[in-house]
Amino acid sequence: MASWHTLPAEMQLAVVDNLDLADARVFSAVDQRTYAVCVPVLFRDVKLATQADLDLFLENVPRAYCRHIEYLDVAIASAARAHADALIALLLASPRLAQLVLRLTGAIDKSVIPCFAVLANLRHLTIRNCAEEIVAPLSERLVVSIAASVPDLRYLELDRVSRSTLHAPELVGKYPFVPLVRGDDDIPDHPTLAAELSLPSLLAIPSLRQLTIRDTHLGDPRWATAPVACRLEVLDLGSCAHEPDAPNRLAVERIMSAVGPSLSSFSVATALDAPPRTPLPRLRALHISPFVPPDDVVDTVAALAASPIEALSVQCFADDVADACTALEAFLALRASRGPAFFGKLARIDVTVAGDESDGPNPAADAERAQAEQRLQTFCRGLHLTSRVTKPKPRAAGDRLRSNSCAF
C-alpha cells in the first residue's frame, strides 16, 4: 500500500469516489488511513430503517462524519420529543443534505420545524406516513410548515397526509368519512404563510418544481384560489380512497388548472372527462395510473387534446393489458380520424404492467394479451409512433401497490 499512501489526497479521494458502495466498504478495511479516505463515500447515502437504527447511528458515528451525508432515508417511531430531538441532531449535523426521505409513524413533534430552515442544500423532500391515518394521522399543517421552511425546495413528495379540522371543518361528521387531525392548532404560524397551512399553500413555495401527493384527500376548494408562486413542471396526483370518483376528479381538475400553464409532465390516477379550465400549453408527457379503468383511458387522454403531448404512458394491471391496448387502439383510431391537429406531436406510447400475475399461467389470457399488444404496436408503426409494452415483474414479499400511485 506504499504507493497508494504516497498519492496526493485529492487523487485518493477521486479514486474512492469512483468506487461503488460495496467496493468502498471492502477497501476501507485495509487500514485506518484508507478508512479515513473512504469516509465521504461510506456516509454519502445513509438509510436508517428504524428508530433504533437512528439512535445507534447517533451513539456510534462521529458527528463530523455526518457532514458528508447527501442522501438520508430515516424512520421516526413516534411523536415523542426524544425522537424529534434525535432527528434534529442528525439534520443539523448534515449541512450537505440534498435529498431527505422521512418515514413517520403518524406525527412528529413540531420542534423539528425550525431546523429545516438551515438545510440550505436540501432540494428533494419526501414525507410518508407509514401508519394507518385513522390510528396515527399526519397533519397537513405540520407537513406544509416543514416544506415551506426549506430554503430552496425543488421536489416534494407527500404520502398519506391527513386534513386538519382547522382547514376542513366541512368534513367533520360528514359521509363519506375522511380521517381528520384534531389538536394541531399548536403548530406555530409560518414566517410567510402565517396560519394558512393547508395543502394548497404548498403552491406558495416559489422554488417548487415537482409535486407528488398520494393517498391524501385533495378536496380543499382553496386549490382553485390559492396564490401560485411556483412554476410547477411535474405534477403527480393520486386520489383519496375515502371518497368516490366524482370528488376525486374535481379535486384533480382544480389542482391541474391552478398550475397548468407551467406543467410539462402530469401523472393522474383519476379518470378525466373534460378539458381543464386552464390550458396546459407546455404539457409534453402524460402518465395514467392502473387505477384509471381501461374504459376511461380514451376520455382521459382526449380531455388533454389541447396540450402538445409527445409521450403517453399507461400503467395497468396484468389482467387489464389486453383492455388497455384495445383502449389505446381506439384512441389512435380517433386520432387518425381527427387529423393532424389532434395529438399531432405524439411520438411515443408505452404500456407498463403493475405488479405480477398472482393467479399463475393462463394460456388463453396470455394469447389474448399477446394479440392485443401486437395489434397496438402494429397500429403505432403504421402511424410512425414508437411503442413498447413491458412485461410484469414479480413484486418482493411485503410490497404493495398504493391505491392511487402512478409508479413510473
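Colleague: Which residue in β3 does Leu72 stand opposite?

Modeller: Leu72 faces Leu100 in this predicted model, where local features need pLDDT of at least 70, side-chain atom pairs count only at pLDDT 80 or more, and totals for chains, interfaces and linings use all residues. Residues are numbered from 1 along each chain as its sequence is written, and side-chain values use heavy atoms, with hydrogens and water left out.

Colleague: What makes strand β2 and strand β3 a pair?

Modeller: Strands, like helices, are DSSP runs numbered from the N terminus (H or I, at least four residues, for helices; E, at least two, for strands). Two strands pair if DSSP finds at least two bridges between them. β2 (residues 71-76) and β3 (residues 99-104) have six bridges, in the parallel sense, so they pair.

Colleague: Why are β1 and β14 called edge strands?

Modeller: The open sheet has 12 strands, running in order from β1 to β14 with parallel pairing. β1 (45-48) and β14 (386-389) each pair on one side only.

Colleague: What makes a set of residues the nonpolar core?

Modeller: Its members are buried Ala, Val, Leu, Ile, Met, Phe, Trp, Tyr and Cys residues joined through side-chain atoms within 4.5 Å. Buried means under 20% relative accessible area (1.4 Å probe, protein chains only), exposed over 50%, and partly exposed in between. The largest such core has 113 residues, and those with the most contacts inside it include Leu72, Leu100 and Phe331. Helix α10 (residues 321-338) gives the most to this core, with eight residues.

Colleague: Which residues is Phe331 in contact with, leaving aside its neighbours within four places in sequence?

Modeller: Contact means heavy atoms within 4.5 Å. Val298, Val301, Leu312, Phe342, Phe343, Leu346 and Ile349 are in contact with Phe331.
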